[in-house]
Amino acid sequence: MDKLWQTLQNWRNTLDFQLRKWVRWRRNGLIFENQIKDDLFDFHSGVKKQQAEQTAERLLNQYHLELFSACSTRINFRENLFYLSMLENAFDIAGINLPATLNVADIGPSHWFYVQALYAGLTWYGINTPRQVNLTGYEVDPYRVFSSFYSCWDYARAHLRDLQVTYQKEAFKTVPHHFDLICMFFPFVFVKDHLAWGLPKGQFDPLNLRESVRESLAPKGVVLVVNQGLDEHLAEKENFNKLGMKIIADFEQDDLLYQYDLKRFVLVAKNEE
Ligand SMILES: C[S@@+](CC[C@H](N)C(=O)[O-])C[C@H]1O[C@@H](n2cnc3c(N)ncnc32)[C@H](O)[C@@H]1O
């Protein structure tokens with residue numbers, strides 16, 4: 001039954017995907033309203049709430065998020081803090097020293113609702129003067145349309161504001177030995193999730209994608225992957241083991257700043273020297 005369902009899903013996704021590529025839906029005018037950021041962590045109480053507020057305050061100051069804080073929705077601001085905290089923990093645990101000029105790819109950014117935190121984290125991690133960040137997002141399905149009738153790319157443009165980053169509207173392909181860091185926030189590990197998202201089966205080749213990532217890392221480059229749920233996390237570790245990569249950080253992100261149904265797991269890996 002599962003097989004039949006997947007076949008039907010695949011037919012439909014293949015058709016829709018081709019249609020989206022052909023239509024390239026986009027609409028101007030998307031702007032996010034600012035919302036007051038008081039009591040952002042009212043899902044916690046007592047000491048945990050206090051800890052969340054202190055962490056948010058530190059991240060805001062250390063990563064210069066004042067402007068973003070003044071023109072974002074509450075939920076988007078909090079999600080950004082969560083991504084920033086994951087990034088910081090990953091760099092701390094893996095003992096990463098970022099170079100002065102940083103080439104970064106983010107594979108599958110979708111509508112890039114977390115790009116402000118990502119860019120701020122890359123710019124300011126461990127230093128007081130901003131580093132040069134060359135950040136490129138690669139999205140295979142940029143014209144997916146949401147119920148608001150804005151596309152993924154419309155949302156991404158609105159989230160980017162005036163950040164100097166690139167959003168490539170295509171699948172990631174090998175760029176040999178180029179990137180200091182490659183991020184994959186919630187890549188598909190299982191075909192059922194890939195199909196449920198609306199992509200054709202032909203686009204699903206997780207090991208091949210990770211092999212491209214491996215080949216695209218600069219000599220001291222690292223890949224940072226975030227997965228949801230233990231099953232995905234374990235399968236992801238297996239992917240990197242198969243490719244002979246060395247895992248240098250492996251942890252579960254806490255729910256201090258954001259609570260999700262499925263736990264978030266982070267891996268950082270590099271090529272064996
Ligand atoms: C689950 S979403 C993750 C979105 C986002 N990174 C996040 O943190 O919520 C996975 C995204 O990867 C994109 N994708 C899948 N395969 C890809 C590939 N080979 N190259 C670029 N993007 C890809 C999908 O279209 C989708 O937008």
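Me: How do the residues of the shell around the ligand divide into nonpolar, polar and charged?
Reply: This is a predicted model, and in it the shell splits into 12 nonpolar, three polar and two charged residues.

Me: OK, and which of the residues around the ligand come nearest?
Reply: Gly108, Ser110, Asp141, Ala171 and Phe185 do, out of 17 residues around the ligand.

Me: Switching to helices. At what angle do α2 and α4 pack?
Reply: About 80°, with the axes 11 Å apart. Here α2 is residues 46-62 and α4 is residues 74-94. That angle makes α2 roughly perpendicular to α4, because 65 to 115 degrees counts as roughly perpendicular.

Me: Which residues meet there?
Reply: From α2 you get Thr55, Ala56 and Leu59, and they meet Leu81, Leu84 and Ser85 of α4. That contact has four nonpolar residues, two polar and no charged.

Me: Now the sheet. What's the strand order?
Reply: It goes β3-β2-β1-β4-β5-β7-β6, an open sheet of seven strands with mixed pairing. At the edges sit β3 (166-168) and β6 (245-253), each pairing on one side only. Neighbouring strands are turned by 20° against each other on average, ignoring direction.

Me: How many bridges join β4 to β5?
Reply: Six, and the two strands run parallel. β4 covers residues 179-185 and β5 covers residues 217-228.

Me: What stands opposite phenylalanine 179?
Reply: Leucine 217 in β5.

Me: Last one: which strands does helix α8 lie across?
Reply: β4, β5, β6 and β7 (264-271). Helix α8 spans residues 206-216 and runs at about 145° to β5.

Notes: Residues numbered from 1 in each chain as written. Predicted model: local features only at pLDDT ≥ 70, side-chain atom pairs only at ≥ 80, totals over all residues. Near = placed C-beta within 6 Å. Nonpolar A, V, L, I, M, F, W, Y, C, P; charged D, E, K, R; others polar. Axes fitted to C-alpha atoms, helices over the stretch in contact; angles between N-to-C directions. Helix = DSSP H or I, 4+ residues; strand = E, 2+ residues; numbered from the N terminus. Parallel < 35°, antiparallel > 145°, perpendicular 65-115°, else oblique. Contact = placed C-beta atoms within 7 Å. Pairing = 2+ DSSP bridges.
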